[in-house]
Number of protein chains: 2
Amino acid sequence: MSVSKLSLTRSIAMLSTISSSLLILNKPLTRALRFPIPNLPLATNPRGLSSLSTAAISNNAGGGRTGALSPAPVTEDLQKIDVNPPKGTRDFPPEDMRLRSWLFFNFREVSRLFGFEEVDFPVLESEALFVRKAGEEIRDQLYCFEDRGNRRVALRPELTPSLARLVIQKGKSLSLPLKWFAVGQCWRYERMTRGRRREHYQWNMDIIGVPEVTAEAELISAIVTFFKRLGITASDVGFKVSSRKVLQEVLRRYSIPEALFGKVCIIIDKIEKLPLAEIKKELESVGVLEEAIEQLLQVLSIKSLTELEEILGDSGEAVADLKQLFSLVDKFGYSEWIQFDASIVRGLAYYTGIVFEGFDRGGKLRAICGGGRYDRLLSTFGGDDIPACGFGFGDAVIIELLKEKGLLPELGLQVENIVCALDPGLQGAAATVATILREKGQSVDLVLESKPLKWVFKRASRINANRLILVGDSEWQKGMVGVKILSTGEQQEIKLDELD
Amino acid sequence: MSVSKLSLTRSIAMLSTISSSLLILNKPLTRALRFPIPNLPLATNPRGLSSLSTAAISNNAGGGRTGALSPAPVTEDLQKIDVNPPKGTRDFPPEDMRLRSWLFFNFREVSRLFGFEEVDFPVLESEALFVRKAGEEIRDQLYCFEDRGNRRVALRPELTPSLARLVIQKGKSLSLPLKWFAVGQCWRYERMTRGRRREHYQWNMDIIGVPEVTAEAELISAIVTFFKRLGITASDVGFKVSSRKVLQEVLRRYSIPEALFGKVCIIIDKIEKLPLAEIKKELESVGVLEEAIEQLLQVLSIKSLTELEEILGDSGEAVADLKQLFSLVDKFGYSEWIQFDASIVRGLAYYTGIVFEGFDRGGKLRAICGGGRYDRLLSTFGGDDIPACGFGFGDAVIIELLKEKGLLPELGLQVENIVCALDPGLQGAAATVATILREKGQSVDLVLESKPLKWVFKRASRINANRLILVGDSEWQKGMVGVKILSTGEQQEIKLDELD
């Protein structure tokens, strides 16, 4: 039973037995109460919980001497600001922050279960780290600027280049394989047309130093574990998997230079967003011949590994990698979550092998997450290559999915205790009680002003407190406090040293 | 006993009882082992844990077919990047991230104990939010720029203005008092002379809607609780406390306009950094008369509340507020942590009442934290004022202090289990074992490549694993795995469904 369902009259009446002075509360309270609360602004503030408007209208809503605000010392600064966060960014008021913390906790918990170590990098990186020449969407959306020292910097659009930078920097001191994860904010400057934000948080898991596709199998396994924890099933979402080597083998057949590979991938990644004629035109413009384009598009439509093998033959790495991955996935036990789909290439130029994408089977949402193997990224930064793969998992689409499936958790504020002095002179005593409970690991909302009990009950209800602890004069003199279990209404006097 | 202290020969020998095939390990292992691990690159990779150099020199260090890296698809992007994070920023490799997570956990845990709710705001805010005219250091160091939409934006230098913005935005929907905390990254663009960084994380706790100094007492109590959790005592650190009203009363006596107040505070905040003559000159330049300056400086040197009362009289708010706070602190039970010091004004223009600063009694470090009352901030943004106070606590000085006191925690990586297939064909079986353990909440590092046992033991030691779980053919056929407790060397075969 929640506090709000308790009869307030009854609750207050029960409490009245534990203290000694007299105070008449206004309606609907009918019994005389005996609490020593002088100077309470009961009659002038009958609204219970004061709201912003109350405080704004009446500066001494709290009733204390210091309630009178001092004159404005900074009037010269007066300005009207926009109270909204900058376009494309978010505030996190408590209710949104609880959801974010819950989501991040699950990111971290799954990462921990898989033995990954958390890392982070600067939000502000050198622009050079993100400027690749393949025409990626991510580059067009770079949130870049010049700092006061005339350095070109950018708010990171993704975490992988920073990870690569750190791996190169750490060099020989690292023991491979690395299993690293990060939860970090990423930025992209895009027109706000599709309701997309300019910042989001991204969970990344990366395995550095494992050339085998067991690494990819392990990464997808981690995401599956994450989905399961949240109540998402294989009928809600799936993974489409392919390999960049499929494209590479087709390109090689037509003697298309390796240097074009990144650009071709980026064009093909737009296959679901642009008309086919547009895709063909773009491929032509970078120098892919018509015959090769037809073959490419034919291969990209393949949804079966057997069919792929028929076309590419069984000697190439593309088919071998994919077959090995699907065989592993079967043994890992999450076959029903994944399917081959040759059209998956992902939008980052640096992928070299397996690529995958988590998708909503309902078909309503954008990709939930995506990743792949990037064995050659380090050398593009001047380092020695190390085989690597990883994924990025944003905080936006998953929340949409959870909403849609009715899987969003109810995350109310919950403070275990609310402690209230029944007399301003007992504020220190109430603080002592709060300290005792906090030292035992219990959370305590200490009432910092003299407030009517009605107000205290409302607040207790708002913060979902389990217990209301009242510090009254007569009990305090006996080394005791009044404790009320708010769910049952049960109340008793408890000795201070027996509080826990 | 750690794994590394075990005799490797003995460990391997003990393990040899649980499997069935034959494999000869090279020196210093002297006994024949019976594990089914074909294709192990034992002879070619005797270095144990492969390092970056190994991987870089030998691309097929892992030994698998996919160990051969595919040709570089993105050679066009080749560039040499700076592997260091941008000037003044930090990477967080795992060891640093563990420390950061530990610190943030304590920030959050103390906030929870005090019943505070977590919030956050955008790292990138409108520049207007931070541009105050009082000449604060923080404004000179604003990390600001123009975005692609020609908007003046800034990386936040502090959290309080964003909090004020959100409070105004939420308006009447909020129930006062708010007790909010945040742990967020803040930026300042300063010359890198004193080893100060350009970004740091800051823990903020704010109480919005309480005019009484009980709020300040509660905030300082939270910081004391934090210090105590970390092993820091009142002989290590203290709080210097004063009130902006002290200055205000002196200024009023000399009929100095209220509008100058912010500027005067900012100048006085530099009193320990600049020569006194410089301070006087700056005060004169904003229009404070010499007589007033002398009186100001005299008052600022006061370290006793009694003396302050003698000079200012007992009728003003300054003395009354401070006396009430010290009386409360006495009852809250942390008197030995705090002292009156009139020279404390803090460097932000918006404080209106009590100001406080946590300091290192050793005198070596800059302020550890600081805060105060800012009852008039909201109206400077065009909102209705609400009494408020809060503090900021950075992540840099506290770490220096902990180092100095020998209180930095030892935070090693710890993964509970390492699971290893003794045959590449058993990789799926090993994954099954990992999944079973993870579903029981246990962390598992799954060995993803075929590696010599020597390598596996070294890795187990590096990740501080409690158990090594070996999945061998003959055991697996019986539905069992080999489990070795690494601290004792104890080992046994355990049925899969009895693993926990």
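Which residue stands opposite B:Arg373 in S11(B)? The first legend has the reply, and all the views come from a predicted model.

**View 1. Strands S10 and S11 of chain B, side by side.** Here B:Cys389 is the residue in S11(B) that stands opposite B:Arg373. The two strands, S10 (residues 369-373) and S11 (residues 388-394) of chain B, run antiparallel and are joined over five bridges. Helix H3(B) packs on the sheet and touches S1, S5 (178-187), S6 (199-208) and S11 of chain B. Its direction makes about 5° with that of S6(B).

**View 2. The eight-stranded sheet of chain B.** Zoom out a bit and you get an open sheet with mixed pairing, ordered S1-S5-S6-S11-S10-S9-S7-S8. Strand S1 (117-118) and strand S8 (338-340) of chain B sit at the edges with a single partner strand each, so one side of each has no neighbour in the sheet.

**View 3. A five-stranded sheet in chain A.** This open sheet also has mixed pairing, and its strands go S13-S12-S14-S15-S16. Its edges are S13 (444-446) and S16 (491-495) of chain A, each of which pairs on one side only. From one strand to the next, the twist averages 25°. Look at S12 (residues 417-421) of chain A and S13(A): they pair in the parallel sense, over three bridges. Within that pairing, A:Ile418 has A:Asp445 in S13(A) as its bridge partner.

**View 4. Where chain B meets chain A.** On the chain B side 152 residues are in contact with 152 residues of chain A. Together the chains bury about 12,800 Å², and 56% of that is on carbon and sulfur atoms. The interface counts 16 salt bridges, and 39 residue pairs are in polar contact across it, both residues being at pLDDT 80 or more. Helix H3 (residues 94-113) of chain B supplies the largest share of the side of chain B that touches chain A, namely eight residues. Sorted by class, that side of chain B has 68 nonpolar, 37 polar and 47 charged residues.

**View 5. Two salt bridges up close.** Side chains of opposite charge can pair when their charged atoms come close. Between the chains, the side chains of A:Arg462 and B:Glu117 form a salt bridge at 3.9 Å, N to O. Over all chains, the structure holds 70 salt bridges. Inside chain A, A:Arg132 and A:Glu158 form one, with the closest N and O atoms 3.0 Å apart. This pair links distant parts of the chain, 26 residues apart. A:Arg132 lies in the loop between strand S2 (124-126) and helix H4 (137-140) of chain A, while A:Glu158 lies in the loop between strand S4 (152-155) and helix H5 (160-170) of chain A.

Key:
Residues numbered from 1 in each chain as written. Chains lettered and ligands numbered in written order. Heavy atoms only, no water. Pairing = 2+ DSSP bridges. Helix = DSSP H or I, 4+ residues; strand = E, 2+ residues; numbered from the N terminus. Axes fitted to C-alpha atoms, helices over the stretch in contact; angles between N-to-C directions. Contact = heavy atoms within 4.5 Å. Buried area = accessible area lost by both parts, 1.4 Å probe. Salt bridge = Lys/Arg side-chain N within 4 Å of Asp/Glu carboxyl O. Polar contact = N/O pair within 3.5 Å; in protein donor to acceptor, adjacent residues only side chain to side chain. Nonpolar A, V, L, I, M, F, W, Y, C, P; charged D, E, K, R; others polar.
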